[in-house]
Amino acid sequence: MRSEGKLLREAIIVHYYLGVDIGSVSSNFVLMDQYGNIREKVYLRTLGNPVKAIKEGFAQIKSRQGEQLDIRGVGTTGSGRHLADVLLGADVVKNEITAHAVAASALFPGVRTIIEIGGQDSKIIILKNGIVQDFAMNTVCAAGTGSFLDQQAARLNIAIEDFGDYAVRSRQGIRIAGRCGVFAESDMIHKQQMGYPAEDIIMGLCEALVRNYLNNVAKGKKIEEPIVFQGGVAANAGIKKAFEKVLNSQVQVPEPYEVMGAIGSAMLAQEQRAQSQAPGNYRGDDFILEGEFKSSSHECKGCPNLCEVVCIKRNQEILAYWGDRCKKWENSINRQDKLQVI
Amino acid sequence: MKRVGIPHSLFYYYYYPLWKTFFSDLGANVISSSESNRLTLDQGIKLAVDETCLPIKVYFGHVQELCQQHLDYIFIPRLVSVEPKSYICPKFMGVPDMIRAALDNLPPLIDITIDVSKSDRSLKRDIMRVGSLFTNDDNQIKRAYTHACQENRFCRLLAREGYTMAEAISLWEGEQVNNPASGDLNIGVLGHGYSLYDPYISMNLVERLRKMGCNVFLPEALDIGCIEREAATIPKRVFWTLGRKMVGSALYMDKRADIDGIIYLACFGCGPDSLIGEIIENKVKNKSFMMLTIDEHSGEGGLVTRLEAFCDMLRRRRMRGEGNLPAYG
């Protein structure tokens, strides 16, 4: 029966929704069909060049599918969501909180707590009946997020993918100060020079990060089951284990943990398209694949704020400006007489 | 005509109309520095002690700007207390001294001590002393001060209409200010006025929220009696003037059925905020609450993401027809 339904489904012409999550460390892409099935997922390192990452991610999806894709809607999220919007033409440009919450409650109906740890930020989202009731993000400090783990893995010469396995092998984590990334690092070096095994130090680091997360980000929030742990750091089994130990409850990691933001934005795009009669904003495959995208920046001398204005160009055409506090450059985009850097 | 400079920072947002009227009535020409911008911030960071908070650093930048304007005096009051039994953050007490130590091309400072914690006798004496720099007529000084207080009250009345203090001051000066736009969400916004109303420091928080379709409720627009009554419910009296106002405002907003959520803008490294923010976070039970921390970073992305997520949360919750949490616990 099941395969028959599947065959039937494939016989009907499908259309797709593209979800894009451009984060500080990774860029994620998801191609979802109209039934909510994830057809493709791509996880790339942003490597400091989001424009290139967006182009490459899209090209990968396209080459794997190998056919003309009928993309009806695009949703973008992550700190690079506006950039992705300019390059792809998005129907929904949403913050990460909403995107993650939408994806998690679709995959785990009834989820109460979402722990999300990404490259530069960490969040906690509290839901009730599928609706966000409360959330918090880390404040000014990025200690205890993915980039710090990355950096420590590089220092210990361990591939970040194996970091979690090392931690899980440990029998007893060493106490590491987790309050601040700099202190944690010197503490780790100190323990390492005293001769503690790397496994135990890494497990200690995982526990420290979890402590830091619970004391800072999740401070004062009631963490109730079911708990879902997602974001790039969810790949680290050591962190998951540490969370389970401290919270004394089960923590679930979704299979597509690293692309949950992208899934959420694809769902939001579908939701938006269903409500709207207007044609979608998607700029088309050729726009992204054929164009030569360039970004440049200049210091605007219009006032003492000296804003660093970013300009995104496709071939010779100016697509977007941002970074100006007064929006003088940004607003000129829709006018005939676009401001130009001389 | 003597030229007096007033930095466009810190208690400018609460008392500028008062001091401007006072000095103008005594025949002085009042010059204020320009609105905070990147230059003021850069200069301020260079000059100020590293451990102070961002608004104090920015203040240094403003004074530095005034130093280049050939002034006879710069007005830098030593604020200790502006109401009985309550105090301003201790950093403000040291501002004139910190400024003297950091800048060497300073014109003479008018560093009147404002301390009415026990009585206003010394303040009155100091007002006369400051006035005598400009005139020998004691009655003129008294008249000027009475007039100045009236003007300040008038400016506060403008702020009760939903304008920020910065907008109220612009209105008071006769400039055109747009009516605060109205939207579908009612958000209470709290924070020290000198960070919240300085568009550069707060990254335009209030205006951003209005653009996202929010009605912004500020403490200045609330009934002061209600604020004090709510603040008195805290077991130990909060003796910081602004801190108490914020605790009271937060608790009052928490009870009001028409407010959807509360945002608190804190400054990284602010002593009072570290306690007050915590108290508010614990005491606000019925509304969604979000604390934002700002510092020197100029990237606005983090702030925008949090504001968007906050508004999204409130709207999506309403879309589901769940409405708010019960307004009275």
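**View 1. Helix 12 of chain B passes helix 13 of chain B in a right-handed crossing.** A crossing is right-handed if the near helix is turned clockwise from the far one by less than a right angle, and left-handed if anticlockwise. Helices here are DSSP runs of H or I with at least four residues, numbered from the N terminus. This is a predicted model: local features need pLDDT of at least 70, side-chain atom pairs count only at pLDDT 80 or more, and totals for chains, interfaces and linings use all residues. Residues are numbered from 1 along each chain as its sequence is written, chains are lettered from A in the order in which they are written, and side-chain values use heavy atoms, without hydrogens and water.

Helix 12 spans residues 241-255 of chain B, and helix 13 spans residues 271-283 of chain B. Their axes come within 10 Å and cross at roughly 15°. Axes are lines fitted to C-alpha atoms over the stretch in contact, and angles run from 0 to 180 degrees between N-to-C directions. The two helices are therefore roughly parallel (angles under 35 degrees; over 145 is roughly antiparallel, 65 to 115 roughly perpendicular, the rest oblique).

**View 2. Residues of helix 12 of chain B touch residues of helix 13 of chain B.** Contact means heavy atoms within 4.5 Å. Helix 12 of chain B gives G243(B), M246(B), V247(B), A250(B), L251(B) and D254(B). Helix 13 of chain B gives I276(B), I279(B), I280(B) and K283(B). By class, seven are nonpolar, one is polar and two are charged. Ala, Val, Leu, Ile, Met, Phe, Trp, Tyr, Cys and Pro count as nonpolar, Asp, Glu, Lys and Arg as charged, and the others, Gly among them, as polar.

**View 3. Helix 1 of chain B crosses helix 6 of chain B at roughly 45°.** The axes of helix 1 (residues 12-25) and helix 6 (residues 121-131) come within 11 Å. That angle makes helix 1 of chain B oblique to helix 6 of chain B. W19(B), F22(B) and F23(B) of helix 1 meet I127(B), V130(B) and G131(B) of helix 6. Five of these residues are nonpolar, one is polar and none is charged.

**View 4. Chain B and chain A bury about 2500 Å² between them.** Buried area is the accessible area (1.4 Å probe) that two parts lose on being put together, summed over both. Carbon and sulfur atoms hold 46% of it. The contact takes 31 residues from chain B and 28 residues from chain A. R38(B), R306(B) and R316(B) supply 23% of the area that chain B buries against chain A, more than any other three residues.
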